[in-house]
Amino acid sequence: MIKKTATEMASSLKAGEISSVELTQAHLDQIAKVDSEVHAFLYVDSEGAINQARAIDEKRKSGADLPPLAGVPLALKDVMTQKGIPTTCGSKMLEGWRPPYDSTVVTRLKENGVVILGKTNMDEFAMGSSTENSAYGPTHNPWDLTRIPGGSGGGSSAALAAFEAPLAIGTDTGGSIRQPAAVTGTVGVKPTYGGVSRYGLVAFSSSLDQAGPCARTVLDAAHLHEAIGGYDKLDSTSINAPIPPVVAAAKDGNVKGMKIGVIKELQGDGYQPGVLKLFNESLELLAQQGAEIVEVSCKYFDYALAAYYLIAPSECSSNLARFDAMRYGMRIGSGSAEDVMNLTRQAGFGREVKRRIILGTYALSSGYYDAYYGSAQKVRTLISRDFENAFKFADVLVSPTAPTTAFKIGEKANDPIAMYLNDIATIPTNLAGIGGMSLPSGLAEEDGLPAGFQIMAPAMQDDRMYKVGSALEAALLTKWGQPILASAPQLGAK
Amino acid sequence: MSNISRDDVANLAKLARIDMSDSELDHLSNELSVILDAVARVQEVAGAEVPPTSHPLPLKNVFRADEVRSSLTPEEALSGAPAQEEQRFKVPQILGEE
């Protein structure tokens, strides 16, 4: 049962073939079996999950009309508050903190009867591409336990690939939903900025952060997207418009006549040959289904990574000022408030977080502001213009999600620039605020590890990504004869 | 090559309220110089004619009606406090003796 899709699980629950308590217990059993190897979870709320499941089962028995995902379990990235449940953001700074309120995403999950199994591991405060920056130790990629599961949402993607949960929540500031999806053979969607509420999402870079669905299929992601998305008055940057019809688009999957734009700048040098080969095979499959493939150029994308690594640290240096040891979280030392802050922030933050706070403080300081932060904001305009122009020629834009498959744990830990290059293809969408999806394109011939195919759509046209993603997913399933995760190694033999 | 000295990093760390050891300062000043070299490229295309974008949505300030609604109780708001007293956050001394 745990290897089925969330949509299939929902049908079985509705048909009374299985109860939510049984389904939830099966996932808790799988977590107990494999998570000592994978380390996807920072906290497992067994009791709370079973209680939620029992409540759903009782409602169903009483004949209530339940939402589509009612009773299906989910893993929650530890950057989202859930009332009374530890929320650490992968940081020592928040060790033991139990937030007194639910994030809007959690409120909506509860309203939809989704069962929350626990909190997943992540790079500290979502800063990283490998989950190695977690203060609680790395997560291991279920395809090869010596490799990274991507980041920052490596816990969520690994939980899906290890069948510990059929659905998960991620957040994506520069690729933290999509790159982990790519390297674990799963699906991840960064909705249009403002499409899912940020209320209760611990802020890293507020103009870039976006929560979204993680799943094993495009349709499952669409169901989760509709459950958590939409306007929220508690988030002033939430878009007051209906959620794009993503479930209908995922069910449709007809790409006949659609124009698919291949971004010239997001391929070639720096991309693993096997990843590019899979990308081109995917394009071929879409063409066979009647899509028209065109090439587009986004010449300022070469500057996106540089702009991102100024904007995100700048915003983070400001956002993380809230961790001041006064109202919640860690407090170390005595003496003046300033001494306590200095000592607490030294002990509470890890190396990457400090690096970014210092970089952001520099970029925002007088004398350097115009040259660094100001210039990065201008590049952001140029990137948005590139997208606007490209969308004149194509309905969606595509690229490989990440330039390589999963690398070894420790391989890039001491080379920040090499680490940052992982996000080269995912960052432009965050800067422009548009949507991006990653779905598996296959296993690279060099190493047998999963690669991702990225689809980008204009703001609030998220349904286009689901339509194209669903078409490609179906064509690949026919080609492979089984889902990609059926090829993943068995875990839990120990 | 951008050159951020050890003293520069020490000053930034002071501004950001993070104590740093000598080895942290050495390490970071080297790393930041490399990172700044990489990101300084934004200046190549940031001409005076390009307007800056601070946010992806063209939003002005968003206001809501000033209405009384339920919020956290004092107990809930203080539930994560490192120290508290008389229903308030208890903090270390903020101002000097003067």
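User: What is the bridge partner of A:V187 in β6(A)?
Analyst: A:V187 is bridged to A:A215 of β6(A). β5(A), residues 187-190, and β6(A) run antiparallel and are joined by two bridges. Helices (H or I, at least four residues) and strands (E, at least two) are DSSP runs numbered from the N terminus, and two strands pair if DSSP finds at least two bridges between them.

User: Before I go on, what are the ground rules?
Analyst: This is a predicted model, where local features need pLDDT of at least 70, side-chain atom pairs count only at pLDDT 80 or more, and totals for chains, interfaces and linings use all residues. Residues are numbered from 1 along each chain as its sequence is written, chains are lettered from A and ligands numbered from 1 in the order in which they are written, and side-chain values use heavy atoms, leaving out hydrogens and water.

User: Fine. In what order do the strands of the open sheet in chain A come?
Analyst: The order is β1-β3-β2-β4-β6-β5-β10-β11-β9-β7-β8, 11 strands with mixed pairing. β1 (41-44) and β8 (292-296) are the edge strands, each pairing on one side only. From one strand to the next the twist averages 30°; axes are lines fitted to C-alpha atoms, for helices over the stretch in contact, and angles run from 0 to 180 degrees between N-to-C directions.

User: Take β2(A). Which strands does β2(A) run parallel to?
Analyst: β2(A) pairs in the parallel sense with β3(A), residues 115-120, over five bridges, and A:L74 has A:I116 as its partner there. β2(A) also runs parallel to β4(A), residues 167-171, with two bridges; in β4(A) the partner of A:L76 is A:I169.

User: How many residues of β2(A) are buried?
Analyst: Five of five, across residues 73-77. Buried means under 20% relative accessible area, exposed over 50% and partly exposed in between, with a 1.4 Å probe and protein chains only. A:L74 and A:L76 point one way, while A:P73, A:A75 and A:K77 point the other way. In a regular strand the side chains alternate between the two faces of the sheet.

User: Which helix sits in the β-α-β unit with β2(A) and β3(A)?
Analyst: α4(A), residues 104-111, and the unit is right-handed. A crossover is right-handed if, with the strands pointing away from the viewer, the path from the first strand over the helix to the second runs clockwise. In α4(A), A:T104, A:V105, A:V106, A:R108 and A:L109 are buried. Their cover includes β2, β3, β4, β6 (211-215) and α7 (218-228) of chain A. Just past α4(A), A:G113 has a positive phi of about 75°.

User: New topic. Where is A:P149?
Analyst: A:P149 is in the loop between β3 and α5 (154-161) of chain A. Its relative accessibility is 0%, so A:P149 counts as buried. Apart from neighbours within four places in sequence, A:P149 has contacts that include A:S130, A:H140, A:S157 and A:V183, where contact means heavy atoms within 4.5 Å.

User: Now helices. At what angle do α10(A) and α12(A) pack?
Analyst: About 100°, with the axes of α10(A) (304-319) and α12(A) (351-363) 7 Å apart. That makes α10(A) roughly perpendicular to α12(A); angles under 35 degrees count as roughly parallel, over 145 as roughly antiparallel, 65 to 115 as roughly perpendicular and the rest as oblique. Residues in the contact include A:Y309 and A:L310 of α10(A) and A:R356 and A:I357 of α12(A). By class there are seven nonpolar, four polar and one charged. Ala, Val, Leu, Ile, Met, Phe, Trp, Tyr, Cys and Pro count as nonpolar, Asp, Glu, Lys and Arg as charged, and the others, Gly among them, as polar.

User: And across to chain B, which residues of α12(A) meet α1(B)?
Analyst: A:I358, A:T361 and A:Y362 meet B:V9, B:L12, B:A13 and B:L15 of α1(B). This contact has six nonpolar, one polar and no charged residues. The axes of α12(A) and α1(B), residues 6-15, come within 9 Å and cross at roughly 95°.

User: Last one: how do the axes of α9(A) and α16(A) cross?
Analyst: At roughly 105°, coming within 10 Å, for α9(A) (273-288) and α16(A) (462-480). α9(A) and α16(A) are therefore roughly perpendicular. A:E281, A:S282, A:L285 and A:L286 of α9(A) meet residues of α16(A) that include A:V468 and A:K479.
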